[in-house]
Amino acid sequence: MSQTHPATADDRPRSRRRAPSPKRGRRLRRGLLLGLLVVLLTGGGTAWWLYHGLDSNLKDGAVDLDRALGDEKNRPARQASAGDAVNLLVLGSDSRAGDNAALAGGSTDGARADTTLLVHIAAGRTEAVAVSIPRDTLVTRPACTGRDGTALPSADRVMFNSVYAQAGPACTAKTVEKMSRVRVDHLVEVDFAGFKEIVDAIGGVPLTVREDLHDRSAGLDLAAGTHRLDGTEALAFVRSRKGVGDGSDLGRIGRQQQFMTALLAEIRRQDLLGHPTRTYRIADSLTGSLTTDSELASLSALVDFGRSLDGIDPAAMETIMLPVEYDRVDPNRVVAVEPQASALWRAVRADEEIPASARRSPANGGTPAS
């Protein structure tokens with residue numbers, strides 16, 4: 001089996017001057033929005049109730065990034081040359097609270113940021129690149145307020161996903177800003193239980209694996225071949241780190257990228273406009289599982305933001321892993337490797353093409369699933 005580097009789905013150079021291919025992404029988003037509109041309009045007297053329910057889902061737990069991240073002078077400035085470029089921090093939470101506790105591996109206390117992506121949407125909003133930050137990366141955590149309200153001083157060599165556990169999504173955003181000097185404009189967090197509901201709402205996601213995958217701790221048991229994964233199986237696939245490769249978080253990043261591509265393809269394939277009830281179920285599951293920054297914490301704001309991204313084809317979005325190497329003191333952890341990491345962040349800040357050298361990571365995590 002040929003090995004595919006997990007750091008990127010496509011190592012070919014990316015050009016910001018190529019003609020956009022927005023049709024498939026536009027059809028998906030318009031289908032979702034129009035399908036939701038059909039549900040609301042045909043609901044008669046229940047229209048306000050339906051809208052209010054979705055809107056309330058988003059407002060619960062919204063994060064005020066401007067307040068949490070401090071004065072403007074202490075934050076990275078947006079470069080004037082970036083135009084309407086925007087940076088979105090996406091967190092996948094593995095909290096074991098509430099509905100998440102029933103999922104495989106739910107006996108673990110607390111919460112972790114299981115998946116972290118800094119998505120840079122380029123000026124013109126026709127291209128995007130997502131940078132995966134391995135959760136085992138050792139970072140410097142800035143001073144933050146802990147989940148219990150106590151002050152947390154700055155600390156060196158802290159495992160990246162522990163920042164979320166101790167201080168929540170705002171401190172995670174602050175840590176990303178410190179390590180990258182890239183401004184975080186918006187925040188979106190989705191929990192495991194909500195992820196499961198979204199997959200189940202669309203009837204599962206087809207996925208092909210090239211070898212048997214078994215990980216009892218994650219509840220994963222897949223034979224080689226093509227499967228339609230339900231929500232529980234999908235979670236096991238993206239969470240597993242022992243069933244394939246070297247058992248590291250880096251190998252899991254490759255599987256997460258593979259599944260997200262399959263998920264987007266399945267949503268695009270389905271005629272959601274022709275199934276308004278299913279569309280509402282997806283919208284309800286999605287908004288119910290999301291925590292956003294306060295600027296996106298309304299249905300109208302989220303829809304407006306989605307409309308501004310109509311020119312981006314999800315299938316063309318590039319995904320890159322932060323270049324890392326195994327830590328010399330603790331080989332179970334990784335650290336950002338230079339000069340590749342700085343070159344990556346510099347390109348994101350300047351809204352420029354990512355250099356080829358910054359797309360490769362010395363630590364690659366073994367062989368991904370396919």
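# Close-up views of a predicted model

**View 1. A disulfide joins two buried cysteines.** Cys144 is buried, and Cys171 is buried too. All views here show a predicted model. The sulfur atoms of Cys144 and Cys171 sit 2.0 Å apart and form a disulfide. The disulfide count comes to one. The torsion about the S-S bond is about 85°, so the disulfide of Cys144 and Cys171 is right-handed. Cys144 belongs to strand S5 (residues 144–145) and Cys171 to helix H4, so the bond ties together parts that are 27 residues apart in sequence.

**View 2. Arg75 pairs with Glu177 in a salt bridge.** Their closest N and O atoms are 2.7 Å apart. Arg75 lies in the loop between helix H3 (65–69) and strand S1 (86–93), while Glu177 lies in helix H4 (residues 160–180), so the pair ties together parts that are 102 residues apart in sequence. Both partners, Arg75 and Glu177, are buried. Across the whole structure, the search finds eight salt bridges.

**View 3. Arg228 and Glu266 meet in a salt bridge.** The N to O distance between the side chains of Arg228 and Glu266 is 3.4 Å. Arg228 comes from strand S12 (residues 225–229) and Glu266 from helix H7 (residues 249–269), so the contact ties together parts that are 38 residues apart in sequence. Glu266 is buried, because its relative accessible area is 3%.

**View 4. A salt bridge links Arg359 and Glu353.** The closest N and O atoms of Arg359 and Glu353 are 3.9 Å apart. The cut-off for a salt bridge is 4 Å, so this pair qualifies. Arg359 has 2% relative accessibility and therefore counts as buried. Glu353 has 36% relative accessibility and therefore counts as partly exposed.

**View 5. A cis peptide bond joins Glu338 and Pro339.** Omega at this bond is about 5°. Glu338 is placed in the loop between strand S16 (334–336) and helix H10 (340–350). Pro339 also has its place in the loop between S16 and H10. With a relative accessible area of 48%, Glu338 is partly exposed. Which side chain does the side chain of Glu338 contact? The partner is Ser342, in a polar contact of 2.7 Å.

**View 6. Arg157 has a positive phi.** Its value is about 55°, although Arg157 is not a glycine. Arg157 lies in strand S7 (residues 155–159). At 46% relative accessibility, this residue counts as partly exposed.

**View 7. Asp351 has a positive phi.** Here phi is about 60°, and Asp351 is not a glycine either. Asp351 lies in the segment after H10. Its relative accessible area is 12%, and the threshold for buried is under 20%, so Asp351 is buried.

Conventions: Residues are numbered from 1 along each chain as its sequence is written. This is a predicted model: local features need pLDDT of at least 70, side-chain atom pairs count only at pLDDT 80 or more; totals for chains, interfaces and linings use all residues. Side-chain values use heavy atoms; hydrogens and water are left out. Helices (H or I, at least four residues) and strands (E, at least two) are DSSP runs, numbered from the N terminus. Buried means under 20% relative accessible area, exposed over 50%, partly exposed in between (1.4 Å probe, protein chains only). A polar contact is a pair of N or O atoms within 3.5 Å; within protein, one must be able to donate a hydrogen and the other to accept it, and residues adjacent in sequence count only if both atoms are side-chain atoms. A disulfide is a pair of cysteine sulfur atoms within 2.5 Å.
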